[in-house]
Amino acid sequence: MESVSQSMKNMMGKLNASDRYRKLVHHALDDSDVQSFLEQNKQSLDKDAIVKSLSKLYEFVTEKSKIKNGQNSTIPGYEPKLVLNNHLIDVSYRPTKETINSRKQKQLQNRIKMLMMPKDVKHASLHDFDMDENSSRLNVLEQALNFVKNYHKTNQWIPGLYLYGSFGIGKTYLLGAIANKLAANGVDVTMLHFPSFAVEMKNSIGNNNVADKVDAIKKSSILMLDDIGADSMSSWVRDDILGVILEWRMQNHLPTFFSSNFSMEKLEKEHLSVNNRGDDEPLKAKRIMQRIRFLSKECLMTGDNRRPQ
């Protein structure tokens with residue numbers, strides 16, 4: 001049985017059409033995607049559908065050729081597709097794979113707010129986390145994977161992680177990897193370098209927008225506070241910034257992650273208890289630590305210093 005496209009070619013040969021027009025028709029009908037579309041839809045097409053839709057077929061082939069040759073189509077980022085429209089042939093445009101991937105990447109980036117964080121954290125991946133044949137690193141990775149896996153699967157409270165260990169072992173990288181994985185699963189994450197954030201809060205006092213910034217941070221679905229305890233902390237930052245954030249998150253059961261060079265015990269006794277003026281305030285430190293212990297699970301992480309020496 002003769003194909004639809006071949007029948008059309010034979011008919012064109014009998015018409016009094018110019019050579020250029022015949023070439024255009026043959027060029028369109030020789031396209032494998034056109035032939036496949038015509039055969040699949042021949043029962044649904046009007047008998048003169050091809051003649052009436054020749055311009056659409058030519059548009060489809062031309063636009064497809066542009067993309068194949070690395071040129072922009074009439075609608076950049078979109079590729080043509082043949083469709084049925086009231087028993088005739090029409091062309092619609094759908095996003096290319098590159099456009100779809102670009103949109104996904106943009107959506108992913110929009111789900112993560114990284115404030116004052118190193119650039120390499122943006123591309124951190126759990127798959128690239130260096131195990132180093134180290135049991136503590138394996139345990140930490142398992143804890144991270146379990147959190148990501150179970151975050152949407154249970155109504156029970158799941159605390160974040162409190163990663164602590166020496167300098168340069170990848171604590172910040174692991175937080176970034178967790179953040180990226182959660183974002184890929186549709187979760188909004190805020191990750192910030194806490195010492196830098198504290199400085200920004202002090203600088204915001206004169207602008208009267210401290211409350212707005214704290215409000216935005218404390219309500220994030222997932223919050224990650226990196227390098228907590230790295231710098232001396234004023235009573236104001238500890239109580240009115242960190243304390244307010246942690247109190248809100250504890251009351252609303254919002255998972256919070258931390259990274260620090262201190263264990264929880266040392267953070268309380270050697271950092272939070274003594275403010276930047278040297279005043280000893282153990283009760284206020286204990287109040288902060290109660291919230292940190294509720295919001296996160298302490299995990300020791302060891303390994304070699306990976307930072308350039």
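Reply: Start with His253, which is found in the loop between H11 and S7; helices (H or I, at least four residues) and strands (E, at least two) are DSSP runs, numbered from the N terminus. The model is predicted, so local features need pLDDT of at least 70 and side-chain atom pairs count only at pLDDT 80 or more, while totals for chains, interfaces and linings use all residues. Residues are numbered from 1 along each chain as its sequence is written, and side-chain values use heavy atoms, with hydrogens and water left out.

The phi of His253 is near 50°, a positive value in a residue other than glycine. Most residues other than glycine have a negative phi. With a relative accessible area of 44%, His253 is partly exposed (buried means under 20% relative accessible area, exposed over 50%, partly exposed in between, with a 1.4 Å probe and protein chains only). His87 also has a positive phi, near 70°. His87 sits in the loop between strand S1 (78–85) and strand S2 (88–95), and its relative accessible area of 43% makes it partly exposed.

Helix H11 (residues 235–251) lies across S6 and S7 and runs at about 150° to S6; axes are lines fitted to C-alpha atoms, for helices over the stretch in contact, and angles run from 0 to 180 degrees between N-to-C directions. The sheet is open, has 6 strands in the order S3-S5-S6-S7-S4-S8, and pairs in parallel (two strands pair if DSSP finds at least two bridges between them). S3 and strand S8 (296–300) are the edge strands, each pairing on one side only. From one strand to the next, the twist averages 10°.

Asp132 belongs to the loop between strand S3 (112–115) and helix H7 (135–150). Its relative accessibility is 34%, so Asp132 counts as partly exposed. Not counting residues up to four places away in sequence, Asp132 touches Arg137, Asp304 and Arg306. Asp132 and Asp304 are 172 residues apart in sequence, yet 8.6 Å apart in space, C-alpha to C-alpha.

Aromatic rings are the last item. Rings of Phe, Tyr and Trp (its six-membered ring) pair if their centres lie within 6.5 Å; planes under 30 degrees apart count as stacked, over 60 as edge-to-face and the rest as tilted. By this rule there are 6 aromatic pairs. One of them is the tilted pair of Phe194 and Phe197, 6.1 Å centre to centre with 50° between the planes. Phe194 and Phe197 are 3 residues apart in helix H9 (residues 194–203), which means they are separated by about one helical turn. Phe194 is buried, at 2% relative accessible area, and Phe197 is buried at 3%. Phe147, Tyr151 and Phe257 form one aromatic cluster.

Conventions:
Contact = heavy atoms within 4.5 Å.
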